[in-house]
Every structure is written in structure tokens, then in C-alpha cells.
Amino acid sequence: MDTEAVRSFVKAAELGQVRQAAGELGVTQQAVSKRIAALERELGARLFTRTARGVELTLDGQAFLPHARGVVAGVERAVTAVRPGFRALRVDVLGLRSAQAVVLHDYWRSHPEADLDVVTLRVNDPRAAVAAVAAGDVDASFRTVTDQAALPPDVRMIHAFDSPLELLVGPGHALASARSLTPPQLRQHRIWVPGIAPRSEWAEFYDQLATDFDLRIDAAGPHFGDEVLLDTLAGSPDVATLVGARDRYVWPAHHGLRRIPVVNPTLAYPLSLLLPRTNPHPGLRGLLTHLAGLPASPEAVWLPSWATSPRLGESRAVFATPERTGHVR
């Protein structure tokens, strides 16, 4: 069925005149008449009768009108959903409880007029996220390609923000009473991060973190969800995990879990934003301004060596020693 014919029918029914309908649609009166005639032939029913004042709906036309309006509205929604500048800004995050989603929520709360569509691609390999940005499936993705030379020419990557890490432990853990911890104090303690996916950016992050600070990162077992992880921590005297300071976790009050900052240096996960190099979604401008205004990380912060360039105006010193190959800023 020709959707433009349906649109012409709806407009003529609303205005009661083919001539006025043609004017609003930006076509000739003859074109509207031909579209409606073709639609009547396809339906095998008369939709209008002619009057001295214009056109009136027949009984069949009255029955068809509400459905025709639904067709027109559906087509308009479909077009809006895929047209940059008209549809919502579609941003990929690792999870709806992640620091990325929290920052996006903060942006939306301060800019409620922003039309956002927060999605999760459910991919571990950042190259899949790059492909989604290049194809226009998403307008931006909070992912990092650790080898920037592997980025295709039509996708660029910028620094978004750094997410400080905290140690999350149960009340019976040996470190539970600490107000803050340094990386050396984490040595010999089991830090359980289940489900680290091979070839993911976080696999490389934890590999370098463990190497630089001689930490015991245990990735054994599948990740059965946050609830299982939190239940395990609550009842364990020796299992801990690392979480982002902005990551949103909720647990029952009786779990008594503690979030303990890691300092001197602060361990931080660098978050990047992938976006198209040309014709970016107009809504990205406001988001990038918001990201640039986020509070700076502490002066003494460790980042992996592959962390993307800092924001304009920041400086970073790089220490490359056999013991520590990451960045300390």
C-alpha cells in the first residue's frame, strides 16, 4: 500500500478539501486526486463523495480513517527513529549500572530537553562497537580500542572521563575497617572479577593492573550477575572486588558491604567515547560539553599505558619502569 496515498487521504479527510490537502502536502491537486483514486481501487471501496464544499467521507472512509491515521503516524515514527537530527541520540554503554550510564543520567537531569536513547550492544570486543558506530547503529559508544592505530578512518576516539576504583568487601573481610587503601595494601588479597572476556578492553586493563602492582586478580568462573557477586562478598572473609566510584550497586542492608577508595595513587579506569568522524549526531555537542566539565581526577592517578589522550589543558607524565608501565598523572 502506498503510504503517501494514505497520507493524502488522511489530510483530505481532515481538511474536507483536496485542494487544501495538496497545498499542505506540497503537491498538486491532481496528484492528491490520483493517489486517493489509486487507494480506492486497491481497497475496492469509495472513501469520499464530492460535495459543493469539497469532499466528505463515505461510511467506508469513516471506517478506514482511524487505521489510516495509525499508518501515517507509524511511518513518521519509523522515519524519525533512523534520521540523525530528528531521532534520539543513541549512546552505547557497558551496562545500565555502569559509570557511563550514571554520567549520562546526570547529563539528562541537567538537560531534560535532551532526547537520549541509552542502549547496551552486548558485545565484549570493542571492534564490534567501532563497527556499530561506523554503520550508524549507534551515534556513540563508551568503549576503548587500546590500539588506536586499529581505528578505521571514519571513527574517532576521544577521552571521556576517568573512573576511580574502589575496593568492595563484606563486613568480615580483613580490610573492611579501612577508610582508604593504597595499591600495595591490596597485595595477597583475592580480588575476584568474574567473567573477564578475552580481547575486551577490561581484560587488558586488569592484566596491566595486576602486573604493575603485583595484585591477585581472579577471573575464575562465569559472571552470574551482580546479585550473586554481592551475595558472595557479603559472606566471605577473604574475597573482594573492584568497582568504579560512580558505578551504581544496590544490596540488602544486612549485607553490610563497604566501598573503600584506593589512593596514592588512585587506580582509575579510563573511559573513551567512540563517535563518527563526519556528520556526528547534533546531540553529541551537548554531551561532549558535559563530559569536558566533569571534575578532574586526583593528581596522583594510575592509568594503563594505552589510556587515550587527556582533555585539552591536562598534562600527563609517563613512567615506564620494569615495575610500572602504566601512566601516573
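A: Buried means under 20% relative accessible area, exposed means over 50%, and partly exposed lies in between (1.4 Å probe, protein chains only). This is a predicted model, where local features need pLDDT of at least 70, side-chain atom pairs count only at pLDDT 80 or more, and totals for chains, interfaces and linings use all residues. Residues are numbered from 1 along each chain as its sequence is written, and side-chain values use heavy atoms, with hydrogens and water left out.

Q: Is Phe 48 buried or exposed?

A: Phe 48 is buried, because its relative accessible area is 7%. Phe 9 has 0% relative accessibility, so Phe 9 counts as buried too.

Q: How do I read an aromatic pair, and how many does the structure hold?

A: Take the rings of Phe, Tyr and Trp (its six-membered ring); they pair if their centres lie within 6.5 Å, and planes under 30 degrees apart are stacked, over 60 edge-to-face, the rest tilted. The structure holds seven aromatic pairs. In one of them, Phe 9 and Phe 48 have ring centres 5.3 Å apart and planes at 50°, so this pair is tilted.

Q: Which elements hold Phe 9 and Phe 48?

A: Helices (H or I, at least four residues) and strands (E, at least two) are DSSP runs, numbered from the N terminus. Phe 9 lies in helix H1 (residues 3-15) and Phe 48 in strand E1 (residues 48-51), so the pair ties together parts that are 39 residues apart in sequence.

Q: What type of pair do Phe 142 and Phe 161 form?

A: Their ring centres are 6.3 Å apart and their planes stand at 65°, so Phe 142 and Phe 161 are edge-to-face. Phe 142 is in the loop between E5 and E6, while Phe 161 is in strand E6, 19 residues apart. Phe 142 is buried, at 0% relative accessible area. Phe 161 is buried as well, at 1%.

Q: Which residues do ring pairs link into a cluster?

A: The cluster consists of Phe 205, Tyr 206, Phe 213, Tyr 269 and Trp 302.

Q: Where is Glu 201, and what does it touch?

A: Contact means heavy atoms within 4.5 Å. Glu 201 is in helix H7. Its relative accessible area is 2%, so Glu 201 is buried. Not counting residues up to four places away in sequence, Glu 201 touches Pro 126, Arg 143, Thr 144, Tyr 269 and Trp 306.

Q: How do I read a polar contact, and which residue does the side chain of Glu 201 join in one of 2.9 Å?

A: Look for a pair of N or O atoms within 3.5 Å; within protein, one must be able to donate a hydrogen and the other to accept it, and residues adjacent in sequence count only if both atoms are side-chain atoms. The side chains of Glu 201 and Tyr 269 are joined at 2.9 Å. The Glu 201 side chain also reaches the backbone nitrogen of Thr 144, at 2.8 Å.

Q: Where is Ser 200 placed?

A: Ser 200 sits in the loop between strand E7 (190-192) and helix H7 (201-213). Ser 200 counts as buried because its relative accessibility is 0%. Its side chain makes a polar contact of 3.3 Å with the side chain of Trp 202. Leaving aside neighbours within four places in sequence, Ser 200 contacts Asn 124 and Pro 126.

Q: Which residues of helix H6 are buried?

A: In H6 (residues 126-135) they are Pro 126, Ala 129, Val 130, Ala 132 and Val 133. Down the H6 axis, these buried residues fall within an arc of 160° (taken from the directions from the helix axis to the C-beta atoms), so they line one face. An α-helix has 3.6 residues a turn, so residues three or four places apart point the same way.

Q: What covers the buried residues of H6?

A: The cover includes E3, strand E5 (140-141), strand E6 (155-169), H7 and strand E11 (266-276). Just after H6, Gly 136 takes a positive phi of about 85°.

Q: How many bridges join E3 to E4?

A: Two strands pair if DSSP finds at least two bridges between them. Four bridges join E3 to strand E4 (residues 116-119), and the two run parallel. Asp 92 stands opposite Val 119 in E4. The chain crosses from E3 through H5 to E4 in a right-handed β-α-β crossover; with the strands pointing away from the viewer, the path from the first strand over the helix to the second runs clockwise.

Q: Is Leu 96 buried or exposed?

A: Leu 96 is exposed because its relative accessible area is 58%. Leu 96 lies in the loop between strand E3 (89-92) and helix H5 (99-110).
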